Amino acid sequence: MVGSTVGSFRTPEGVTLGVEHFGDAAAPLVLLVGGTTMLSWPDSLCEALARGGRRVVRYDLRDVGASTSVDPGNPAYTLRDLAADAAALARGLDERPAHLAGIGVSGMVAQVAALDHPESFAALTLVGTRPVAPGPVDDDLPDHDAEMMQRRFALPMPDWSDRAAVEFAAAAAELRGDDPGTARATAERIFDRAPSTEPGVQPANQLNLVFAGLDCTPRWRERLPELRIPTLVVHGRRDRFFPVGNGEALAREIPTARLLVLEQAATAIPDAAADEVAAAMLAL
């Protein structure tokens with residue numbers, strides 16, 4: 001097992017980001033944007049990348065985990081500020097351009113970061129995401145599975161001050177097609193590392209609610225053909241939240257992209273697929 005160290009990074013704008021490092025500090029950097037917490041990236045993938053000769057750093061977005069948290073329900077920053085955080089962290093950790101990766105909603109951060117800060121990144125991996133911001137989807141892209149979303153919103157909202165609320169995360173994961181046991185274990189870790197159980201803090205950590213109030217304009221989909229760095233698009237065939245057609249669209253519209261479909265996966269990267277995903281990332 002590859003060891004890791006936990007720390008923090010302060011951006012030039014004064015934002016503190018919670019970070020975790022795997023591998024040799026002198027090795028080429030792979031920067032994993034939390035989606036929204038760093039624990040969206042499984043330990044197994046981080047360790048596989050580190051064994052492959054990379055320095056892996058995963059980090060929490062603002063308002064979750066160990067990063068700066070002010071008002072998760074009303075973020076006073078934009079998607080482009082989160083993209084700037086990624087670029088600042090990459091430059092602060094290594095003078096060489098980094099391999100940037102985003103999963104789920106953080107895949108949107110990664111796309112914008114690669115477009116707005118091309119000098120900071122040498123490769124891009126996008127996992128289980130889509131080329132438009134949260135909200136109404138473009139007509140040519142598949143939207144969230146309606147039956148899954150109906151059942152998800154029918155789940156009773158838990159008391160987020162009670163650690164038993166992690167059962168909500170397990171139930172929601174099962175509806176998405178992910179393994180509930182793995183989701184429960186991850187939710188427990190997220191609960192335990194959140195700064196408090198105040199209203200809004202745990203839901204922001206567990207439910208990605210920060211993005212619901214985030215300014216994600218202007219659009220960036222039309223700019224995707226500008227990307228010229230090696231790009232890997234990873235998508236689960238069974239993803240009901242962002243169906244696989246979203247990943248297929250990304251792979252078509254980014255000229256340098258390769259698509260890897262995980263036939264047995266939904267929204268999360270299963271441990272069983274970690275070596276396959278790591279190998280594809282290392283090949284960029």
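Residues are numbered from 1 along each chain as its sequence is written, and side-chain values use heavy atoms, with hydrogens and water left out. Because this is a predicted model, local features need pLDDT of at least 70 and side-chain atom pairs count only at pLDDT 80 or more, while totals for chains, interfaces and linings use all residues.

Me: Which residues touch the most other members of the largest nonpolar core?
Reply: A nonpolar core is a set of buried Ala, Val, Leu, Ile, Met, Phe, Trp, Tyr and Cys residues joined through side-chain atoms within 4.5 Å. Buried means under 20% relative accessible area, exposed over 50% and partly exposed in between, with a 1.4 Å probe and protein chains only. Of the 48 residues in the largest such core, those touching the most other members are Tyr-59, Leu-100 and Phe-121.

Me: Which element gives the largest share of this core?
Reply: Helices (H or I, at least four residues) and strands (E, at least two) are DSSP runs, numbered from the N terminus. Elements giving two or more residues to the core include β4 (55–59), β5 (98–103), β6 (121–127) and α2 (79–93). The largest share, 8 residues, comes from α2.

Me: Is β4 largely enclosed or open, and how many of its residues are buried?
Reply: On one side of β4 lie Arg-55, Val-57 and Tyr-59, on the other Val-56 and Arg-58, and all are buried. In a regular strand the side chains alternate between the two faces of the sheet. β4 is largely enclosed by the rest of the structure, because the buried residues number 5 of the 5.

Me: Which residue of β4 is the bridge partner of His-21?
Reply: Two strands pair if DSSP finds at least two bridges between them. β3 and β4 run parallel, joined by 5 bridges, and Leu-32 stands opposite Arg-58 in β4. β2 and β4 run antiparallel, joined by 4 bridges. In β4, the partner of His-21 is Val-57.

Me: How many Å apart in space are Ala-98 and Arg-55, C-alpha to C-alpha?
Reply: Ala-98 lies in strand β5 and counts as buried, at 0% relative accessibility. Its contacts (heavy atoms within 4.5 Å) include Leu-29, Ala-90 and Phe-121, not counting residues up to four places away in sequence. Ala-98 and Arg-55 are 43 residues apart in sequence, and their C-alpha separation in space is 9.9 Å.

Me: Against which elements do the buried residues of α1 pack?
Reply: Helix α1 (residues 43–51) is largely enclosed by the rest of the structure, because 7 of its 9 residues are buried. Among these are Leu-45, Cys-46 and Leu-49. The buried residues of α1 pack against β2, β3, β4 and α9 (274–282).

Me: Which strand gives the largest share of the lining of the largest cavity?
Reply: On a 1 Å grid over the protein atoms alone, a cavity is a set of points where a 1.4 Å probe fits but cannot get out, and lining residues have an atom within 4 Å of a point. The largest cavity holds about 50 Å³ of space, and its lining includes Val-127, Asp-239 and Ala-265. The largest share of that lining, 3 residues, comes from strand β7 (residues 231–236).

Notes:
1 Å grid on protein atoms, 1.4 Å probe; cavity = no way out; pocket = protein on both sides within 12 Å on 5 of 7 lines; lining within 4 Å. Points joined across faces, edges and corners; volume = space filled by probe spheres on them.
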